[in-house]
Structure formats: C-alpha cells, structure tokens
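User: I'd like to learn how to read a few features of a model like this one. Could you take me through them step by step?

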There are 2 protein chains.
Amino acid sequence: MKEEKRDVLTASIKDLTIDEAIVIINHEDAEELELKAGDKVFVYDPAKSNLKTTATLILSRDLVERGRIILSSRIARKIDVSEASPIKITQAPPPKSIDYIKEKMKGGKLDQMKIKTIIDEMVEGTVGKVEIMSFVLSEQFYGMDMDEIEYLTRAIYESGEIIEFNKPAYDKHSIGGVPGNKVSLLIVPIIAASGLLIPKTSSRAITSPSGTADTMEVLADVNLSVEEFKKVAEKTNGALIWGGALNLAPADDIIIRVERIMGLDPVPQMLASIMGKKMAAGINTMVLDIPVGKETKMESIDKAIDFARKVIELGNRIGIRVQAGITYGEQPVGHNIGPALEAKEALEALIKPKEAPASLVEKSCSLAGLLLEMSGKAPLGMGHQMAKEILYSGKAYEKMKEIIEAQGGNPNIKPEEIPLGEYKYEVYAPVDGFVTQVSNRALKEIARAAGAPKDKGAGLILHVKRGRKVTARDKILEIYAERSVRLQDAISVLETMPPIVIEGMLLRTIPERQIYTFSHYESSQGSSSE
Amino acid sequence: MKEEKRDVLTASIKDLTIDEAIVIINHEDAEELELKAGDKVFVYDPAKSNLKTTATLILSRDLVERGRIILSSRIARKIDVSEASPIKITQAPPPKSIDYIKEKMKGGKLDQMKIKTIIDEMVEGTVGKVEIMSFVLSEQFYGMDMDEIEYLTRAIYESGEIIEFNKPAYDKHSIGGVPGNKVSLLIVPIIAASGLLIPKTSSRAITSPSGTADTMEVLADVNLSVEEFKKVAEKTNGALIWGGALNLAPADDIIIRVERIMGLDPVPQMLASIMGKKMAAGINTMVLDIPVGKETKMESIDKAIDFARKVIELGNRIGIRVQAGITYGEQPVGHNIGPALEAKEALEALIKPKEAPASLVEKSCSLAGLLLEMSGKAPLGMGHQMAKEILYSGKAYEKMKEIIEAQGGNPNIKPEEIPLGEYKYEVYAPVDGFVTQVSNRALKEIARAAGAPKDKGAGLILHVKRGRKVTARDKILEIYAERSVRLQDAISVLETMPPIVIEGMLLRTIPERQIYTFSHYESSQGSSSE
C-alpha cells in the first residue's frame with residue numbers, strides 16, 4: 001500500500017563537516033518518503049518536535065542502510081538526539097521569505113515583519129545561499145530606506161545572543177579596508193585606563209592579512225565565552241576578543257559568508273551588520289572609523305559623509321550614540337602588516353609612544369579622544385590631548401598588561417620576544433626619488449601570500465610611506481614568512497603587483513627582467529629577523 | 001616536515017546522489033593538504049590530469065578512513081577512475097568568471113570571451129549557484145544588448161552535444177505559461193505528414209502540471225538517446241521526445257535550476273535559453289508561440305511584440321529562421337490538464353478533429369500553418385488551411401501512429417483506453433451567469449496538488465471557458481487523482497483559489513462556509529472515471 005510507509009528512521013551520528021547542514025538516507029527510504037536528493041527537509045526526533053532543524057538531503061545506497069539516517073554531530077546536538085534515536089524527516093515547506101525577497105527583487109519596500117521573516121529563516125537554514133544573494137544584490141541595486149535598514153538591524157540583533165553590561169559600554173569600530181590598522185590595541189587600553197568600559201569584540205581577517213582578533217591572539221587568548229568575556233571586561237574595563245564564538249547576531253555572519261563570494265557589501269547591509277552586532281554586544285556609545293580613499297570601501301569623502309550620516313541616524317533609532325571619524329585610508333596605518341608584526345608594533349607604541357609612527361599614535365588618539373569627549377571625561381576639543389596623555393603616561397601600557405593577563409596571556413612579553421617568520425626577503429629602492437604611491441591592495445596580497453593571517457609570523461614591514469624621499473638602495477620593504485614556499489609565493493605576487501611606486505622608477509621594461517625593473521632587488525632570503 | 005605530505009588518495013566509489021558534486025575525505029588528510037570543508041577542489045587521477053572535475057569538499061572522521069576519498073559513481077565516471085584508483089585533489093583556483101560577473105553586477109557590458117568563460121565555468125562546476133544567481137539577477141536588473149544575448153546563446157549552444165540532421169529541420173516552441181497546451185501533439189504529426197522534418201525535443205514540467213514530454217510519455221517512450229532520436233526522426237519525419245537525456249546545451253539546464261529557486265526568468269536568458277537549445281538540436285526553421293495575457297510570461301502585447309522582434313533578430317544572427325505567433329494565453333488550450341488527460345484530448349483531436357475544442361484545433365493549425373508557409377509547402381496565407389486539411393484528412397493521425405510506434409508505444413491505443421486517476425471530484429456552478437474569469441494559476445495549482453505531472457492520471461477537465469453562459473448546477477470542473485490523499489490536497493487548493501468565476505457568484509462570505517460560497521459543491525468523490 002502506497003499510503004503506509006516507514007516514516008521514522010534511526011539516527012546514525014557521524015563526524016561530518018561541511019558548510020551546509022546535510023543528512024544522508026538510503027534511496028529506497030527516500031522513495032517511500034517521497035523525497036528527492038537536494039530537498040530541504042526538517043529533521044527532528046518525533047518526541048521533540050519543537051527542536052526542528054533544516055538540512056539538505058543526500059541519498060546513498062552504500063553509505064547508509066535502509067531505515068537509518070546519517071546526521072552530523074552538530075545537527076544531533078542541535079535537535080538533541082543521540083545514536084539510535086528515532087528521527088523523522090519531512091519536506092520543509094517553501095520558506096515564506098521567498099515571496100518577500102521577490103518583492104525586493106522588483107524594487108519593493110519591505111515592512112518589519114517581512115524583513116524579520118527573511119532574517120529568521122536565514123538563521124533557521126530554510127533560506128539558502130542563492131536566496132540570500134538575491135536579497136543582498138537587490139539591496140545593492142535598489143537601496144533601502146532608513147526604515148528598512150532599521151528593521152534589518154533589529155532583525156540581525158535579535159538573531160542570536162544578547163550581552164548586557166552593568167555600566168555604559170563604549171566601543172570603537174572600523175569599517176575596514178586599510179591594512180596594518182592596529183589602532184584598537186591602543187584605543188582599548190587608553191579608554192579602559194580612563195575608567196570607561198570598552199569591551200571590544202572583533203573579527204578575524206576575512207580578506208585582510210590580519211583582523212584585530214588575529215593580532216590580539218599573538219598576545220593573549222581571544223577565544224572567550226560570554227562569561228569569560230564579561231569577567232575580563234568587569235575586571236579590567238577592557239577586553240579585546242574574537243566575537244565569532246559568542247553567537248552574537250549570527251544572521252550577520254551568514255550574510256557575510258554569502259556576500260564574500262561575490263565581493264559584495266551594499267551600504268544598507270553594512271550599516272545593519274555593524275549596528276546589529278553592536279546592539280547584541282551591549283554597546284551604548286561608539287566611534288566609527290571610516291577610512292576614505294582609493295582601494296578602501298569609501299572611495300570619496302562624499303560617500304563617507306553620507307555613510308556617517310546614515311550610521312548616526314540609525315544609531316539614534318536603535319539607541320546607540322555614534323560619532324564617525326573619517327580618516328585617511330590610502331596607505332597602511334603604521335609600518336607593520338601581519339598578526340605578529342602588528343602586535344609587535346602596537347606593543348612598541350604602548351611602551352614607547354614617542355618613537356612610534358605618527359600615523360598610528362595620532363589616529364588612535366583621535367578616535368579615543370572622540371570617545372572621551374562623548375563620555376564627558378574630556379571637554380569638547382580636548383579628547384585627543386587627554387588620550388595622548390594617558391598613552392604617554394604609560395597608563396595605557398599598564399592597562400594593556402592587565403587585559404593581556406586577564407585574557408590568559410603573558411603581560412610581561414617584550415615586543416622583541418614576539419616570534420616572526422624566519423624566512424625574510426628585503427626590497428630596496430631601485431632609484432632616487434619620492435614615493436608617489438603605496439598600494440594597500442598589493443601590500444595585502446603580498447602579506448597574505450606570505451601566509452598571514454594563518455601563519456602568525458608572516459607579514460611585512462613597510463619602511464617608507466607616501467611622499468617620503470628615498471635614495472637608491474634604501475631598504476623600502478621587508479617580507480616575513482614562516483615557510484620558504486610561502487615566501488616564494490609572496491615574491492611572485494610582488495613581481496606582478498608593485499606595492500610601492502617611486503617617481504622615476506620604471507614599472508616594467510620590455511623584454512622583462514631587464515635592469516632597473518621593480519623586480520631587481522637584493523635578497524637576504526633566509527636571514528633571521530633583526 | 002610540513003612540506004612533505006601524502007598528496008594522493010585512494011578512490012572509494014559510492015552511490016551518492018546530491019544536487020551538487022561532492023567528495024568526502026578524512027579531516028586529517030584535509031589538514032595535511034591544507035584544505036577546508038566547503039572548499040571547491042579539482043578531483044582527478046594523476047595519470048589522467050586532463051580529466052579534472054570540480055567538487056565541494058566534505059570532511060568526516062567516521063565515514064572515510066585516512067588516505068581514502070569517497071567519490072560518487074557519477075564523478076568516478078566523469079574522471080574515468082575505478083575503485084582504488086589513485087586520486088589527487090587540489091584547491092580549485094577562483095573561477096575567472098567571478099570578475100566578469102562582478103562587471104555585470106555593476107551594469108557593464110560583457111564581451112564574447114567573458115560570457116563564454118562564465119558559461120564554461122558553470123558547466124565545469126567551478127562557478128556555483130550563488131554566482132549564477134548573481135549573473136542572472138544582474139541580467140534582470142541591467143538587461144543585455146543583442147551582442148551579449150548572441151554571445152550567451154552561442155556559449156549555451158556550445159556547452160554540450162550538437163545534433164545535425166541530413167535535411168532541414170523544423171520546430172515549434174512555446175515560451176510556456178499556459179496549462180493544457182498540448183498543441184505539439186497535433187503540430188508535429190501535421191508537419192511530419194506534410195513531408196517536412198520536425199524532430200521535436202521538449203521538456204518535462206517544471207512548474208506546470210504537464211510538459212509536452214510528460215504528455216507524450218503517456219503514449220510512447222520519450223527517453224531516447226541521440227541515436228534513437230535520429231532514427232525515429234529519419235524514419236517518420238517526426239519525433240516527440242524528452243530533450244533532457246541528450247545533453248543538449250547543459251548550461252541552460254544549470255541556469256534554469258538556479259532561476260527556479262527565485263522564480264526568475266529575465267528576457268535575455270529566456271532568449272538565449274530557447275535559441276541555444278534549438279541550435280544544439282540542429283533546428284533551421286521554427287515558429288515560436290508567445291502566449292499573452294494575465295498570468296502568462298508576457299503580460300502585455302507590447303512586451304510580446306518586443307520579445308518576438310528580439311527572437312527574430314537573434315535567429316538571424318545565429319542562422320535560425322524564426323516566425324513568432326502571439327497567442328491568447330489567459331485560459332487553458334482545450335479542456336484537459338495533466339499528462340494522461342492531455343494525451344487523451346490530443347489523441348481525440350487527431351482522430352475526430354471536428355469534435356475537438358476549437359481553441360486546440362485552431363491554435364495547432366495556425367502555428368503549423370506558419371511552418372508550412374515558411375517551408376514553401378503552402379503559399380503565404382494558405383498555411384492554416386493546409387494544416388487543417390492534413391488534420392481533417394486523417395493523415396496527421398496516421399503519422400502520429402507511426403511516431404508512437406517508432407518511439408516504442410502502442411500505435412492503436414484508443415483515447416478511452418488511457419488510464420485516468422480513479423479518485424474524482426466534481427464541481428458545479430453555484431449560480432446562473434456568465435464565466436467572467438478562468439485562472440491559469442489556480443488550475444495549475446489544483447492539478448499539481450492532485451499529483452500531476454508525477455501521477456500521470458492526475459489532472460482536471462475544465463468544462464467551461466471564459467464568456468460561456470452556465471446554469472446553476474452545471475458541471476464546470478472535474479478533478480482526477482490517483483491517490484485519495486492527493487484529491488484532498490487538490491480540494492484544499494480549490495477552496496482557497498477559485499479557478500473559475502461566474503458573474504453573480506459570491507467569492508467569499510463572512511463568516512466563512514455559508515451557503516453559496518464557492519466551496520459549496522456536490523461531491524462524487526471516489527467514483528471511478530467515466
């Protein structure tokens with residue numbers, strides 16, 4: 001009889017890692033259940049039908065016997081079942097969001113219920129990557145008004161854990177795009193030393209050579225639970241941790257994973273992403289660093305100002321006070337790029353601020369100064385000076401040691417003790433002249449080819465910045481790698497993407513590899529770092 | 001030593017069905033190979049490195065031991081390996097198309113090389129669904145000019161097998177959207193009987209209750225290989241088969257699978273899809289049926305005319321002569337919907353054309369007439385009459401019997417011998433009046449809920465068309481199903497989506513389920529079909 005069918009399978013839990021949730025059943029069971037390969041199905045224990053999850057169905061005659069269903073341990077945890085538990089699978093109904101996303105694909109305006117449904121179904125997994133891409137691309141094409149952006153922000157905020165602190169929480173955030181931007185490692189201890197609470201969560205690098213979390217990880221543990229995070233913040237007033245393990249605004253992570261595939265980052269999504277996460281992290285007051293210039297996310301001042309206005313308005317709507325700082329973003333902040341090299345430079349700046357690069361100290365103190373003014377700690381216009389005093393007094397360094405210790409690191413580590421990659425390549429100026437161009441993009445690609453951020457000791461030191469006069473044979477760049485093969489990779493990138501242009505220098509000669517082309521360097525490959 | 005690693009695995013071939021190509025290896029091997037779950041990898045036998053395929057990587061500690069790699073038998077066939085063959089997997093480089101798709105996402109115009117690369121990488125599997133959706137949605141947003149459409153058509157055409165016939169091949173194609181459109185089952189035998197070659201490949205239903213291939217399958221085998229197809233066509237001058245098994249323009253199928261997710265079908269893609277497939281199928285001359293009206297793909301005559309002009313221009317560019325016929329599409333063609341019911345109605349029309357519905361006979365003869373005129377068989381303006389003569393003479397029916405026989409069916413089957421679903425539900429007019437509305441969409445949904453196209457005997461008979469006068473208690477609709485549960489499903493849909501509106505009829509009363517609402521029918525559920 002067709003109507004009578006075995007509709008409960010037996011769990012067979014396997015270790016299984018894949019981007020998407022999958023389950024595997026036998027072809028014949030699938031036929032009986034009227035399911036096809038690739039179907040989205042609800043998976044649950046019939047006794048716990050409130051704990052449903054969505055997965056994509058894979059069929060196999062060999063991997064799984066009849067009556068059994070292979071689940072990953074992650075799914076098993078999610079629906080609270082163990083080996084041999086009874087499992088039901090049923091065709092998941094088409095997500096409601098499909099119709100709402102279609103509306104946006106035609107340029108419609110979505111109300112709060114529709115946006116919330118889209119975000120909720122993304123987190124449930126009923127809405128897949130293709131649907132998410134359609135939504136984000138439509139945002140890019142048609143834009144979103146402030147109402148929609150607010151709904152999106154709130155839906156993202158509500159998609160995961162929510163942290164609250166027992167006093168006002170300050171934060172600094174950068175929209176990113178500039179390599180070597182280790183300012184958070186100065187700002188957090190400056191602000192915490194002033195007595196304000198600054199519990200900073202940050203991300204790991206996605207396309208850059210080092211995220212703030214990657215850099216801080218050289219000095220301390222950044223993989224903290226919510227409880228540990230709150231303990232550190234309450235004890236020291238500061239924290240610098242990776243936000244990824246806290247399950248804050250998981251919808252945002254899901255969207256970012258899809259956006260990345262096509263390098264997409266529409267303004268409405270960027271706003272909702274930043275502010276949704278900050279809401280969930282319990283932030284009340286923040287400064288937003290908006291780097292401007294070629295090869296950054298904001299190519300013109302006008303775009304940056306427009307973005308700043310929107311983020312401030314959005315902040316007003318959701319209860320976060322925001323000030324935006326528009327900063328120069330066409331070359332790296334400081335000289336060092338890569339986790340260990342950036343941690344080293346930040347630590348040096350905390351210890352000997354007078355010897356630190358002006359770009360690093362000034363940017364850090366400007367942004368920290370805005371926070372001090374917003375809090376009332378500093379009178380208007382005096383924040384920058386107060387931040388600098390805290391830094392120069394050594395209080396910021398003392399505070400950083402406390403934070404490092406509270407996060408399980410060695411507070412007494414010296415900058416020169418931080419291990420760097422043992423494979424090194426030095427680049428010299430081929431001619432006399434002025435540095436007319438420094439390419440963020442080329443520097444990023446070289447540092448990543450050298451192994452950053454995965455290889456903590458990989459990266460580079462940029463010895464010159466734009467406008468600097470150089471003499472032929474001056475050292476202008478050093479590349480570090482932990483593995484010789486990676487150093488070779490980095491050198492290959494260097495040869496196709498000149499990161500530094502000196503006026504008068506030949507960019508390329510034909511035939512290639514003639515004298516005076518940019519690839520004509522001295523090499524000290526294999527020498528240990530200074 | 002990090003640099004030395006096991007880089008050849010051993011094949012373990014399993015039966016495995018999933019929408020996407022996947023391979024499974026052990027976590028530890030992945031770590032050594034520096035690969036992550038979800039990575040796109042090239043999979044190949046090192047001795048046959050020209051036969052690479054792309055797959056998504058899944059990791060498991062339990063399902064696969066170290067040194068082994070689980071491949072589906074489909075992948076194994078594709079790269080020509082057998083159990084225990086050595087297999088290399090390497091990170092697939094980012095597809096070149098990403099940059100080209102990004103250009104289109106910004107509204108750029110793509111040249112032939114770029115469009116060809118995008119299509120080729122889709123077929124190779126290096127470009128995934130998200131990228132394909134980004135491409136198609138950008139086509140929708142920005143449109144494409146005729147050059148781009150031509151490049152797209154040629155790239156789709158070149159993506160698979162190419163069929164050639166030894167004499168000019170004619171075809172009829174409909175852009176779809178109208179249920180009950182069984183005209184191909186009349187047109188093919190009419191044209192073949194005239195002495196022209198009409199080797200028709202068609203699709204199965206995607207969102208409709210029956211595709212031409214589903215309908216023809218009631219009468220004969222439609223699952224033919226290229227050789228069998230050519231043999232049938234050469235023998236009978238006609239054929240009505242499913243195109244899906246021929247590997248014609250596989251890029252088109254890949255794109256359609258993605259478009260379907262969001263119900264997207266932008267005009268440039270539609271043009272390239274139709275014409276790329278026709279090129280690959282060896283067609284030289286065709287008529288294109290463009291149904292117009294509410295709930296069809298072309299909502300206005302203007303859109304239909306614009307589409308017709310484009311398809312003709314595209315035909316000129318690629319060497320296919322096209323005439324477009326714009327037809328009325330707001331209600332079904334004929335009365336029957338669903339594979340068996342449509343096959344029955346078509347066969348009845350071939351046997352007794354005088355008793356057949358005018359909408360079916362006239363539409364079939366009009367479109368067939370255009371082909372007869374294009375071929376020179378009929379003088380201009382005389383094609384329709386010639387088609388009708390062929391139909392009325394019985395020659396079309398004789399030809400259809402030949403085709404059915406050549407495709408392995410029973411040529412002598414009587415319409416009344418075609419099995420219909422044994423569960424039936426009848427709907428009667430609740431009031432006297434004129435039929436003011438017939439909803440294609442509602443009819444489709446009801447027929448699909450009843451089980452069509454999977455259950456061949458499921459579907460419906462529409463006893464009235466728009467404008468018809470009815471008297472209360474006239475039978476207006478019959479629903480057929482093979483399973484009682486499906487009949488119930490169809491009745492549920494019927495109650496929420498009225499397929500027929502009679503002037504004076506209450507569409508809904510409040511509170512619901514009062515007398516004279518549309519759901520107030522007589523039921524003859526369970527009675528066998530006539």
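Analyst: Helices (H or I, at least four residues) and strands (E, at least two) are DSSP runs, numbered from the N terminus. This is a predicted model: local features need pLDDT of at least 70, side-chain atom pairs count only at pLDDT 80 or more, and totals for chains, interfaces and linings use all residues. Residues are numbered from 1 along each chain as its sequence is written, while chains are lettered from A and ligands numbered from 1 in the order in which they are written.

User: Which residue follows helix 11 of chain B, and what is its phi?

Analyst: Gly282(B) follows helix 11 of chain B, and its phi is positive, near 80°.

User: How many residues of helix 11 of chain B are buried?

Analyst: A residue is buried if 20 or more other C-beta atoms lie within 10 Å of its own, exposed if 12 or fewer, and partly exposed in between, with C-beta atoms placed from the backbone. In helix 11 of chain B, 12 of the 14 residues are buried, including Leu271(B), Ile274(B) and Lys277(B). For packing, two residues are in contact if their C-beta atoms, placed from the backbone, lie within 7 Å. The buried residues of this helix pack against several elements of chain B, among them helix 5 (129-142), strand 10 (285-292) and helix 12 (301-318).

User: Now sheets. In what order do the four strands of the open sheet in chain A lie?

Analyst: Strands of a sheet pair through backbone hydrogen bonds, either parallel or antiparallel. Two strands pair if DSSP finds at least two bridges between them. In chain A the order is 12-15-17-13, with antiparallel pairing. Strand 12 (336-337) and strand 13 (423-428) of chain A each have a single partner strand, so one side of each is left without a neighbour in the sheet. Two bridges join strand 12 to strand 15 (residues 459-462) of chain A, and Ile337(A) has Leu460(A) as its bridge partner in strand 15.

User: And the interface: how many residues of chain A are in contact with chain B?

Analyst: Here 34 residues of chain A are in contact with 34 residues of chain B. Strand 4 (53-59), helix 3 (97-105), helix 5 (129-142) and helix 10 (250-261) of chain A each supply at least two residues of the side that touches chain B. The largest share, seven residues, comes from helix 5 of chain A.
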